[in-house]
Amino acid sequence: MTQRTDTPSAWDERTQLATFLDYARDTARAKCEGVTDEDARKAPLASSPLMTLCGLISHLRWVEHYWFQVVFLGEEPEGPLTEATDDDPDPEMRTAVDIPLPRLLAEYEEQSARYRRLVSDHELDSTARRPISDGRHVDLRWVILHLIEETSRHNGHLDIVRELVDGRTGV
């Protein structure tokens, strides 16, 4: 069972932000515990065919890649993000149904460990190399806060999808 805590080991801003991001990540993983391979790929909402547990975990993984590596570090996008179009804005959710959930979760955790190091190695006031859509350059603090919000919002989706595919609630 995934161990989660929202209580930081220290009360400085960086530790608090990192703790809440890890708590949101751990919650996403916990919502997937014990689900069958078949249920992980089910899209129970007819109007949202990409809304699967696999699709949501893949989305969280690639959203972090985008914000930390592409926006903050200024690197080029990779993986399914390079396939995004106006007609298919979330290819990471579409292609995820072909990837086993345990692999998606392992990739998400491996990446999270890299980004924990990135957060510890940069000042919170460090400015992103690429601008956001309005042309402004956000700082690392904003990126972390945005990812806490994004991950927490999608945890609500994970909760709903999980309940609809196999009846499990809570976590």
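Here, a residue counts as buried under 20% relative accessible area, exposed over 50%, and partly exposed in between. Keep that in mind for the close-ups below, which all come from a predicted model.

**View 1. R29 and E109 pair up across the chain.** The side chains of R29 and E109 meet in a salt bridge, with 3.0 Å from N to O. This one links distant parts of the chain: R29 belongs to helix α1, E109 to helix α5 (residues 101-121), and the two are 80 residues apart. E109 has 30% relative accessibility, so it counts as partly exposed. R29 comes in at 12%, so it counts as buried.

View 2. As for the general idea, side chains of opposite charge can pair when their charged atoms come close. Across the whole structure, a search turns up 21 salt bridges.

**View 3. E76 and R130 join two loops.** Here E76 forms a salt bridge with R130, and the closest N and O atoms are 2.9 Å apart. E76 lies in the loop between α3 (53-72) and α4 (91-94), while R130 lies in the loop between α5 and α6, so the pair ties together parts that are 54 residues apart in sequence. E76 is at 58% relative accessibility, so it counts as exposed. R130, with a relative accessible area of 26%, is partly exposed.

**View 4. Helices α1 and α6 cross.** Two packed helices are described by the angle between their axes and the distance between the axes. For α1 (residues 13-30) and α6 (residues 140-166), the axes come within 9 Å and cross at roughly 25°. Angles under 35 degrees count as roughly parallel, and α1 and α6 are therefore roughly parallel to each other. Their crossing is left-handed.

**View 5. A closer look at what α1 and α6 bring to the contact.** On the α1 side, look for E13, L17, F20, L21, A24, R25, T27 and A28. They meet R141, I144, L145, L147, I148, T151, S152, N155 and L158 in α6. Sorted by type, the residues of this contact divide into 10 nonpolar, four polar and three charged.

**View 6. R141 has a salt-bridge partner in D139.** R141, one of the α6 residues that meet α1, forms a salt bridge with D139, the closest N and O atoms being 3.3 Å apart. D139 has 22% relative accessibility, so it counts as partly exposed.

Key:
Residues numbered from 1 in each chain as written. Predicted model: local features only at pLDDT ≥ 70, side-chain atom pairs only at ≥ 80, totals over all residues. Heavy atoms only, no water. Axes fitted to C-alpha atoms, helices over the stretch in contact; angles between N-to-C directions. Helix = DSSP H or I, 4+ residues; strand = E, 2+ residues; numbered from the N terminus. Parallel < 35°, antiparallel > 145°, perpendicular 65-115°, else oblique. Left-handed = near helix turned anticlockwise from the far one by under 90°. Contact = heavy atoms within 4.5 Å. Nonpolar A, V, L, I, M, F, W, Y, C, P; charged D, E, K, R; others polar. Salt bridge = Lys/Arg side-chain N within 4 Å of Asp/Glu carboxyl O. Buried < 20%, exposed > 50% of the residue type's maximum accessible area, 1.4 Å probe, protein only.
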